[in-house]
Amino acid sequence: MSPWLVLSLAVVATCGLVLLVGWWHGRRHGAEEPAETPAVIDYMIMMIGVVYAIVLGLAIAGVWEERSAAEDWVRQEAQALHEVGTRAAALPDDVRDRVREDVDAYVRHTVEEEWDHMIREEELTERGDLLLERLREGVRVHQPQDPVGLQERAAMTDRLAAVSEARTARAQSSESTMPAVVWVGLVVGGLVVVGLIFVFRVRRSAREVLLSALFSALIGFLLYLIWHFDAPFARGLTDSTEAFELLFPHVLGDD
């Protein structure tokens, strides 16, 4: 199901529920005069709303930062692998071909097999680790004698270290960044904020009920936004493998 369809259904359902509750509440208390709300209750409602807004804003900022970080790590991994293949041109023909074959094998496995496994299981594959180690071993065993070869080998070693770092960070980004207790607080807090509107504010006015429905829909939308970006590779990124596809079209069949 499309994420936008899920979002639309959630917003419509939230508005419909609030309107239904408002209509029922209005019919039940339609003849009653709204009681004056004590000042302390006004203060409590304001404080609860402010605290919830702060928590909601911090949660959105946190998942957005994690999404951006996940995108940067994928870009770094793909770029470092591309540089390894490019710098291999300075090596002897047999070493160059072996290194480039190992790079292509790692990229192909990462995009075609490991990516789906990472999204489902929130972990990387052992074969990906073995392919990366084979690539590093292929560079490590070569002992060039000329200064240019030594310089290129050192640069390739640094780039492979960057690949390993980005791979580890990618594994961490595949996990949910929002603890379950935070989700409980966000959902319960939203219900409390909306519930306080009906308990102490909304009585008969259709305008109040409509504004309450829109306010509830906004909270629902923000919670959906947090859920959407909480899984960068599964939902948050439009095309999470784009960096690999751009730099290795010959490997992934896009040429």
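Let's start inside helix α3 (residues 93-121), where E114 is located; helices here are DSSP runs of H or I with at least four residues, strands are E runs of at least two, and both are numbered from the N terminus. E114 is buried, with a relative accessibility of 0%. In this report, buried means under 20% relative accessible area, exposed means over 50%, and partly exposed lies in between, with a 1.4 Å probe and protein chains only. Leaving aside residues up to four places away in sequence, E114 touches H109, L124, T125, G128, R167 and R170, a contact being heavy atoms within 4.5 Å.

A word on what you are looking at: this is a predicted model, in which local features need pLDDT of at least 70, side-chain atom pairs count only at pLDDT 80 or more, and totals for chains, interfaces and linings use all residues. Residues are numbered from 1 along each chain as its sequence is written, and side-chain values use heavy atoms, with hydrogens and water left out.

**The chain as a whole**

Of its 255 residues, 39% count as buried. Among contacts with a separation of 6 or more, 79% join residues 24 or more positions apart. The exposed surface comes to about 14,600 Å², and carbon and sulfur atoms supply 61% of it; accessible areas come from the Shrake-Rupley method with a 1.4 Å probe, and for residues only the protein chains shown count as cover.

How confident is the predictor? The mean pLDDT of the chain is 81, and 79% of the residues score at least 70; pLDDT is the predictor's confidence in each residue, from 0 to 100. Confidence is lowest in helix α1 (residues 3-28), with a mean of 60, and highest in helix α4 (residues 126-140), at 91. Where pLDDT is low, the predicted coordinates should not be read in detail.

Not counting residues up to four places away in sequence, D102 touches R134 and L135. In the loop between α3 and α4 you will find E122, whose phi is near 60 degrees, a positive value in a residue other than glycine. Most residues other than glycine have a negative phi. E122 is partly exposed, at 36% relative accessibility. Further on, D129 lies in helix α4 and is partly exposed, with a relative accessible area of 43%.

D230 sits in the loop between α7 (206-229) and α8 (232-236). Is D230 buried or exposed? D230 is buried, with a relative accessible area of 5%. Its contacts, not counting residues up to four places away in sequence, are V63, E175, S176, T177, M178, W183 and R235.

**Pairs apart in sequence**

Another includes A61, which is found in helix α2 and is partly exposed at 44% relative accessibility.

| Pair | Separation in sequence | C-alpha to C-alpha distance |
|---|---|---|
| D129 and S164 | 35 residues | 9.1 Å |
| A61 and I226 | 165 residues | 8.9 Å |

**The second largest pocket**

Finally, a look at the second largest pocket, which holds about 230 Å³ of space. On a 1 Å grid over the protein atoms alone, a pocket is an open set of points where a 1.4 Å probe fits, with protein on both sides within 12 Å along at least five of seven lines, and lining residues have an atom within 4 Å of a point. Grid points are joined across faces, edges and corners, and the volume is the space filled by probe spheres set on the points.

Which residues lie nearest the centre of this pocket? They are E71, R75, D239, E242 and A243, out of 15 lining residues. Helices α2 (39-87) and α9 (242-247) each supply at least two residues of the lining, and α2 gives the largest share, seven residues. By type, the lining divides into seven nonpolar, three polar and five charged residues. Here Ala, Val, Leu, Ile, Met, Phe, Trp, Tyr, Cys and Pro count as nonpolar, Asp, Glu, Lys and Arg as charged, and the others, Gly among them, as polar.
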